[in-house]
Amino acid sequence: MSKAITLWIPDFLNKQRIQEADQAWSELKLPALKTLLKKADLFPTQSVLTNKTKDFYATASNLFHQPQALPVAASMAASFLDDFDANEFWIKIDPIQMIPDRDTLVLIPAADLNIQEEEAKALITAFNQHFEQDKVAIEYGSPTDWFLRIKQVVDIHTTPLDQVKYGHLDDRYPTGHAAQYWRQLLNEASMLFFSHEVNEERRNKGLPEINGVWLWGEGQLDQSNILQRQSATIWSDNAYLKGLAKLTGSQNSTFPETYQACLDSNSEQHLLMPTILHQNLANLTLEQWLESVKWLEEEWLQPLLKGLKNKEVHSLLLELGDGYRYHIEPKHLKRFWRFKNRI
């Protein structure tokens with residue numbers, strides 16, 4: 001069975017990173033990458049066309065052929081909660097650290113706080129007891145993934161965590177009809193967490209505090225706008241992608257060690273994203289990033305090029321972070337007139 005494969009690594013071949021690598025980049029031997037990009041049909045991504053901030057979640061939904069982006073909180077809740085209900089309204093409520101900076105606050109995301117399960121559950125218990133009369137309760141997904149389940153749609157508009165992390169909060173707080181309530185909830189949660197024994201112990205150990213929460217990713221799923229894809233597999237540990245797989249009836253698995261795993265799968269279509277590389281990309285040194293490029297070339301692009309040549313793969317879509325998508329079919333490899341490198 002010939003396969004259709006999409007390989008997606010957000011920001012991996014970012015042009016700024018390539019420029020910084022300079023001579024070290026030019027010295028890399030990347031025959032498969034260069035061949036695939038030269039022969040491919042090229043399409044600019046939405047972030048290039050609209051000059052807007054890259055949206056991971058919208059891109060994920062688009063690459064998986066969804067008519068519209070699936071709401072973040074609902075999709076991630078589907079991947080974490082056994083009793084997830086697609087008919088309810090979901091908000092992600094992430095534990096964070098807020099650091100004073102002059103007359104504002106800077107948000108540090110949960111991923112940087114090394115939150116332990118017992119710490120998360122203790123803070124959630126305190127929060128739920130405090131807001132019991134409001135009938136607002138946090139549901140635990142993981143130490144860094146918390147959710148609010150609401151029976152009806154709420155008029156709330158938030159700023160995605162990806163757009164506010166490491167930045168000033170200033171005018172980024174929730175807006176909408178009930179904005180004042182949600183702003184008060186954030187303030188009360190901060191005061192509650194500040195004096196909690198979890199943070200007292202973290203301060204004594206010199207660890208960053210978990211002194212607040214951030215609301216984002218709100219939405220209710222529209223089942224009529226979810227395209228079912230039973231013949232597809234998403235290969236990633238990313239929570240949103242796992243939720244996307246569950247909601248579309250697709251298979252889900254961790255990123256495979258080899259290209260052969262895709263060939264051995266019963267699925268016809270494959271979306272691959274190496275979660276660990278995506279999560280750690282910003283913290284890679286130049287040397288580590290160059291080694292990752294070599295890994296991509298040797299472990300994936302060379303086998304994929306071979307798969308196109310022998311028609312094990314009938315469609316390959318690459319989105320590697322340079323602002324373009326590259327679509328290659330076996331017949332495209334005959335484009336002998338394409339000789340200029342694109343990256």
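Strand β1 is covered on both faces: K3, I5 and L7 are buried on one side, and A4, T6 and W8 are buried on the other. This is a predicted model, so take the points below as a friendly tour of what it shows. The strand spans residues 3-8, and six of its six residues are buried.

**Neighbours of β1**
- Strand β11, residues 313-319, pairs with β1 in the parallel sense through six bridges.
- Within that pairing, I5 has L316 of β11 as its bridge partner.
- Strand β10, residues 269-272, also runs parallel to β1, and four bridges join the two.
- Here I5 stands opposite H270 of β10.

**Helix α5**
- Residues 56-63 form helix α5, which is mostly covered, with six of its eight residues buried.
- Those buried residues are F56, Y57, T59, A60, S61 and L63.
- Where the helix starts, a side-chain oxygen of D55 comes to within 3.0 Å of the backbone nitrogen of Y57.
- After α5 comes H65, which has a positive phi, near 65°.

**Nonpolar cores**
- The largest nonpolar core holds 71 residues, and F84, I93, F127, W146, W182 and W214 have the most contacts inside it.
- Leaving aside residues up to four places away in sequence, W182 touches I91, L148, I150, V154, I156, P174 and L215.
- There is also a second, separate core of 39 residues, including I9, I18, L36 and L290.

Methods:
Residues are numbered from 1 along each chain as its sequence is written. This is a predicted model: local features need pLDDT of at least 70, side-chain atom pairs count only at pLDDT 80 or more; totals for chains, interfaces and linings use all residues. Side-chain values use heavy atoms; hydrogens and water are left out. Buried means under 20% relative accessible area, exposed over 50%, partly exposed in between (1.4 Å probe, protein chains only). A polar contact is a pair of N or O atoms within 3.5 Å; within protein, one must be able to donate a hydrogen and the other to accept it, and residues adjacent in sequence count only if both atoms are side-chain atoms. A nonpolar core is a set of buried Ala, Val, Leu, Ile, Met, Phe, Trp, Tyr and Cys residues joined through side-chain atoms within 4.5 Å. Contact means heavy atoms within 4.5 Å. Two strands pair if DSSP finds at least two bridges between them.
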